[in-house]
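Good morning. Today I will go through the surroundings of two ligands in one protein. Please have the model open as I speak.

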Amino acid sequence: MTADLFETVGDARAPRETIAEGAVLLRGFAGTFMAELIPALRDIVKQAPFRHLITPGGHRMSVAMTNCGNAGWVSDPSGYRYDGIDPDSGKSWPPMPPVLCRLAAEAAAEAGFNGFAPEACLINRYVPGAKLSLHQDKDELDYAAPIVSVSLGLPATFLFGGLKRSDTPRRYRLEHGDVAVWGGPSRLFYHGVAPLADGEHGVLGRQRINLTFRKVR
Ligand code: MD3
Ligand code: FE
């Protein structure tokens, strides 16, 4: 049988595709969580609205962000860091809803990372034209823990490079409900998102939302 590229595990509709050592794509994995996930996100965004961070270099990011969980990713002139307090409200970030935590832990386990307990969920919002330049995620203390990402809304072209910025990125289309787990050697690979193409998504309208679950301490 030809089960190498699309080995079926757990949810029979979620093929597991390994795209690098430690990096696994679970297409459609969030599908069964969606009915609970979308209202939970709307609730978070009411408490901690999306905002455009200014990079330490003084540039306004085209992607808007917010967070939930015990820590959130923030930026100010001194640099990037994780902080338990939302600088816009002065209050704690909204707690991570159990459905988000479950989705992240189940996806991580599916990719071979058992016991994943995220402290932070960074929520990125892309409107048409918004992009994320190639970067590494290096503000977390524990690179042994994976990052779990969930794509929602409009499809995006994800750029996946290597350990060096100069490594030519491969392109992957990420769609509503796709989940990816980034661990092992791929944890420090350069990655980014190409400018979002215009469109209208049945559930989320003219935007893409991406969740990244992280262990940050
Ligand atoms: C590969 N977000 O928030 S998610 C980010 O679609 C970020 O919003 C993108 O990169 C987005 O930092 C990509 C996929 C992803 C997340 C983290 C990774 C891929 C990764 C860490 C290491 C390698
Ligand atoms: Fe990243």
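Start with Asn 124: an N or O atom of the Asn 124 side chain is 3.0 Å from an oxygen atom of ligand 1. That is a polar contact, a pair of N or O atoms within 3.5 Å. This is a predicted model, where local features need pLDDT of at least 70 and side-chain atom pairs pLDDT 80 or more, while totals for chains, interfaces and linings use all residues. Residues are numbered from 1 along each chain as written, chains are lettered from A and ligands numbered from 1 in written order, and side-chain values use heavy atoms, without hydrogens and water.

The Tyr 126 side chain has an N or O atom 2.6 Å from an oxygen atom of ligand 1. For His 135, a polar side-chain atom lies 3.2 Å from an oxygen atom of ligand 1. On its own ligand 1 exposes 500 Å², and the protein buries 98% of that; these areas use the Shrake-Rupley method with a 1.4 Å probe.

How many residues surround ligand 1? There are 19, counting a residue if one of its heavy atoms lies within 4 Å. By class, 8 are nonpolar, 7 polar and 4 charged; Asp, Glu, Lys and Arg count as charged, and Gly is among the polar ones.

Now the iron ion, ligand 2. His 135 (NE2), Asp 137 (OD) and His 191 (NE2) coordinate the iron ion at 2.0 to 2.2 Å. Donors here are N, O and S atoms within 2.8 Å of the metal (3.2 Å for Na, K and Ca); water is not among the atoms, so sites may look incomplete. Along the chain, the donors follow the spacing H-x1-D-x53-H.

Key
Polar contact = N/O pair within 3.5 Å; in protein donor to acceptor, adjacent residues only side chain to side chain.
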